[in-house]
Amino acid sequence: MASNSTFSLFLIFLIITQCLSVLNAATDFDFFYFVQQWPGSYCDTKQSCCYPTTGKPAADFGIHGLWPNNNDGTYPSNCDPNSPYDQSQVSDLISRMQQNWPTLACPSGSGSTFWSHEWEKHGTCAESVFTNQHAYFKKTLDLKNQIDLLSVLQGADIHPDGRSYDLVNIRNAIKSAIGYTPWIQCNVDQSGNSQLYQVYICVDGSGSNLIECPIFPGGKCGTIIEFPTF
C-alpha cells in the first residue's frame, strides 16, 4: 500500500517536472530584438503594400516588433495558445499603435491583425517579463519614443531622399546616438537595388536596457544602399 502510494507520488512529481520543463523551454530567452522598419522600403518592392484603413502612415520608421531571442540565434514563438490578442487590454494605446506601429500588409486593415500576430508569436513568449498585453505593447512603443531613428539619421545628413548612402555611415550614426551597434537589414526594390529596410537593436532580457547584440540575424546588405522616399 505504502509502496503504491510512493510510486503514485513519484509519477505525479515526474509529470509536474516535465510540465514545468516544457513551460520554461517555451518562455526562457536571453534578450530582445527591437525591430523598426522603413515604410518606403516595404512598399517599393515587387509585392508592394497597402496603406492601413486610417490612411497613409507618416514618413517615419515604424515598429515591426519586440522579439524574444536566444544567444545561439534560436527564438521561442507562439508560447501561449491560451492568451490570444485582446484589443480591449490596449484600448488606451491604439492611437499610438496606429501612428507608430502601422500595418502595410495587403489587404488594407486597421492594424489589429498585425498586432495580434506580434503578440501571439512573440509577446506570449515574454509573459515572464510583461505581466499582460498592455505592458508588452506599451514597452515597445516607449522604445520607439526612445530611439528616434529618422532624427538620428537626418542629424547625420542621411535622408530618405532616394539617394544611396554608405552602410557603415548608417550603422555608425545609429551607434553614436544610442551607444550600441545596430543590425541593418536590407531588401531590394523593384529594380533589384539594395536598400535600407529594417534596423535591429538589442534589449536585455528584462526589457529595460539597450545592449550590444549577442548575435546578429542573417542576411547581407551592399556596402552602398538606398534610402528610398515614402
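1. Hairpin of β4 and β5. Gly192 adopts a positive phi near 90° in the hairpin of β4 and β5, where five residues lie between the strands. Strands here are DSSP runs of E with at least two residues, helices are runs of H or I with at least four residues, and both are numbered from the N terminus. Strand β4 covers residues 183-188 and strand β5 residues 194-204; the two pair in the antiparallel sense over six bridges, pairing being assigned if DSSP finds at least two bridges between two strands. Trp183 has Tyr200 as its bridge partner in β5.

2. Basis of the model. The model is predicted: local features need pLDDT of at least 70, side-chain atom pairs count only at pLDDT 80 or more, and totals for chains, interfaces and linings use all residues. Residues are numbered from 1 along each chain as its sequence is written, and side-chain values use heavy atoms, with hydrogens and water left out.

3. Asn187. This residue belongs to strand β4. Asn187 counts as buried because its relative accessibility is 16%; buried means under 20% relative accessible area, exposed over 50%, and partly exposed in between, with a 1.4 Å probe and protein chains only. A polar atom of the Asn187 side chain lies 2.8 Å from the backbone oxygen of Ser41. With neighbours within four places in sequence left aside, Asn187 contacts Ser41, Tyr42, Thr45, Asn193, Ser194, Gln195 and Tyr197, a contact being heavy atoms within 4.5 Å.

4. Helix α4. In helix α4, residues 112-121, the buried residues are Phe114, Trp115, Ser116, Glu118 and Trp119. These buried residues pack against β2 (62-69), α3 (94-100) and α5 (133-146).

5. Disulfide count and pairing. A disulfide is taken as a pair of cysteine sulfur atoms within 2.5 Å, and by this rule there are five disulfides. With the bonded cysteines of the chain numbered in sequence order, the pairing reads 1-2, 3-5, 4-6, 7-10, 8-9.

6. Cys43 and Cys49. These two cysteines are joined with an S to S distance of 2.0 Å. The disulfide of Cys43 and Cys49 is right-handed because the torsion about its S-S bond is about 100°. Both Cys43 and Cys49 are buried.

7. Cys50 and Cys106. A disulfide with S to S 2.0 Å connects Cys50 to Cys106, and this link is right-handed, with 100° about the S-S bond. Cys50 lies in the loop between α2 (39-43) and β2, and Cys106 in the loop between α3 and α4, so the pair ties together parts that are 56 residues apart in sequence. Cys106 is partly exposed, at a relative accessible area of 45%.

8. Cys79 and Cys125. The sulfur atoms of Cys79 and Cys125 are 2.0 Å apart in a disulfide. Its S-S torsion is about 95°, so the disulfide is right-handed. The pair links distant parts of the chain, 46 residues apart, with Cys79 in the loop between β2 and α3 and Cys125 in the loop between α4 and α5. Cys79 is buried, with a relative accessible area of 15%, and Cys125 counts as buried at 0% relative accessibility.

9. Cavity. On a 1 Å grid over the protein atoms alone, a cavity is a set of points where a 1.4 Å probe fits but cannot get out, and its lining residues have an atom within 4 Å of a point. There is one cavity of 30 Å³ or more, and the largest cavity holds about 30 Å³ of space. Its lining residues are Pro52, Thr54, Gln98, Trp101, Pro102, Thr103, Ser110, Gly111 and Trp115.

Conventions:
Polar contact = N/O pair within 3.5 Å; in protein donor to acceptor, adjacent residues only side chain to side chain. 1 Å grid on protein atoms, 1.4 Å probe; cavity = no way out; pocket = protein on both sides within 12 Å on 5 of 7 lines; lining within 4 Å. Points joined across faces, edges and corners; volume = space filled by probe spheres on them.
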